Every structure is written in structure tokens, then in C-alpha cells.
Amino acid sequence: MNIKEKTICVCGSIKFAREMKEVAKKLESEGKAVIIPLSARELDEKVARNESYDRAKRKRDIDAINVHFQEIERSDAILVLNHDKNGIKNYIGANTFLEMGFAHFLKKKIYLLNPLPDMPYLNDELAAFDTAVVK
């Protein structure tokens, strides 16, 4: 991947937990230090993809948003895994949008696995972030 920064924090939907672990291995093989969200580290991928799983309760129980923000703060850049989800190409959900905004505020480089999605209610904000698609 064409990421020059040393410490990368992976962001994206928890449904992509398996993909987060795969990309972490790839980046680590390139000499990067990689942080994936606590939820992705702890959840088994079947549970992560289960629609009836109470994600909000789990996030509150482990203080997932604050913990992940601290992980973003410790990183040099973030990599957003924006796969297709819910019929939306290159999906970026609410949590990931928050993470991108936080990284932008901290002046971290924001990498995307795929181009920005066409999500009319987010287009202007997403376009305002300094992002780069990795190869």
C-alpha cells in the first residue's frame, strides 16, 4: 500500500472486522505499526456481521468511541476501509465519519481504501477532508 506514515489506525464499519485484521497483517508486513479498533480486535467476525447484535450497547460498555479516538491520536494517519455496505458503494458510516473528522482536526493524513462514496448528505464534508486513496 502506498502509505508513507509509520503508525496507521484502521477505521471503518465493525462489519469489516475480518478485513481490518487482513489489512493490518498486510501493513505490518510492510513495517507499519497498525492499530485496529478494540471492537474489531475482540469480536469474532460472525458476531460483527450479525444484524441483531446490539452494537450501541457494546460501544457504550467498552467506551469504544473514546478509546478509538485515543488510538487515532497516537497514530500518524488513518486508513478508512470503505467497502460497499447497505447497497452503498464505498460506504462511510456515522462512526467512521466522526473518526475522519477527528483525524482531520488532529491534522492526520486520511487514507481511503476506495474513492469517496456518493452520499449526498456527506459529500461536501467528505470532500473537505484531505484524503488519498491507497493503491
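Biologist: How many residues does the largest nonpolar core have, and which have the most contacts inside it?
Modeller: This is a predicted model, to be clear. The largest nonpolar core has 18 residues. Those with the most contacts inside it are Ile-72, Ile-78, Val-80, Ile-92, Met-100, Ile-110 and Leu-126.

Biologist: What is Val-80 in contact with, leaving aside neighbours within four places in sequence?
Modeller: Cys-11, Ile-92, Thr-96, Met-100, Ile-110, Tyr-111, Leu-112 and Leu-113. Another core, of 17 residues, lies apart from the largest one. Ile-14, Met-20, Val-23 and Leu-81 are among its members.

Biologist: Step back a bit. How many helices and strands are in the chain?
Modeller: Seven helices and five strands. From the N terminus the elements run β-α-β-α-α-α-α-β-α-β-α-β. The chain has 135 residues, and 46% of them count as buried.

Biologist: And contacts? What percentage of those between residues at least 6 apart join residues at least 24 apart?
Modeller: 71% of them.

Biologist: Now the sheet. In what order do the strands come, and is the pairing parallel or antiparallel?
Modeller: The order is E2-E1-E3-E4-E5, in an open sheet, and the pairing is parallel. E2 (33-35) and E5 (131-133) are the edge strands, each pairing on one side only. On average, neighbouring strands are turned by 30 degrees against each other, direction ignored.

Biologist: Over how many bridges do E4 and E5 pair?
Modeller: Three, in the parallel sense. Within E5, Thr-131 stands opposite Ile-110.

Biologist: Is E1 mostly covered or open?
Modeller: Mostly covered, with six of its six residues buried. Both faces are covered. Thr-7, Cys-9 and Cys-11 are on one side, and Ile-8, Val-10 and Gly-12 are on the other.

Biologist: Which strands does H6 touch?
Modeller: H6 packs on the sheet and touches E1, E3, E4 and E5. The direction of H6 makes about 160 degrees with that of E3.

Biologist: Back to H5, then. Which residues of H5 are buried?
Modeller: Ala-64, His-68, Phe-69, Glu-71 and Ile-72. Down the axis of H5, they fall within an arc of 160 degrees, so they line one face of the helix.

Biologist: Let's switch to H1. How far apart are its end C-alpha atoms, and what should it span?
Modeller: They are 19 Å apart. H1 covers residues 17-29, which is 13 residues, so at 1.5 Å a residue it should span 18 Å. The two agree.

Biologist: Which of its residues are buried?
Modeller: In H1, Ala-17, Glu-19, Met-20, Val-23, Ala-24 and Leu-27. Seen down the axis of H1, they fall within an arc of 150 degrees, so they line one face. On the other side, Lys-25 and Ser-29 are exposed.

Biologist: Loops next. Where does Pro-37 lie?
Modeller: In the loop between E2 and helix H2 (38-42).

Biologist: Is it buried or exposed?
Modeller: Pro-37 has a relative accessible area of 11%, under the 20% cut-off, so it counts as buried. Leaving aside neighbours within four places in sequence, Pro-37 is in contact with Val-10, Met-20, His-68 and Glu-71. The C-alpha atoms of Pro-37 and Ile-14 are separated by 8.3 Å, though the two residues are 23 apart along the chain.

Biologist: And where is Asp-84?
Modeller: In the loop between E3 and H6. Asp-84 counts as partly exposed, at 49% relative accessibility.

Biologist: What does Asp-84 touch, not counting residues up to four places away?
Modeller: Phe-16, Lys-89, Asn-90 and Tyr-91. As for Asn-114, its C-alpha atom and that of Asp-84 are separated by 9.4 Å, with the residues 30 apart along the chain.

Terms used: Residues numbered from 1 in each chain as written. Predicted model: local features only at pLDDT ≥ 70, side-chain atom pairs only at ≥ 80, totals over all residues. Heavy atoms only, no water. Helix = DSSP H or I, 4+ residues; strand = E, 2+ residues; numbered from the N terminus. Expected span 1.5 Å × (residues − 1). Buried < 20%, exposed > 50% of the residue type's maximum accessible area, 1.4 Å probe, protein only. Arc of directions from axis to C-beta. Core = buried A, V, L, I, M, F, W, Y, C linked by side-chain atoms within 4.5 Å. Contact = heavy atoms within 4.5 Å. Pairing = 2+ DSSP bridges. Axes fitted to C-alpha atoms, helices over the stretch in contact; angles between N-to-C directions.
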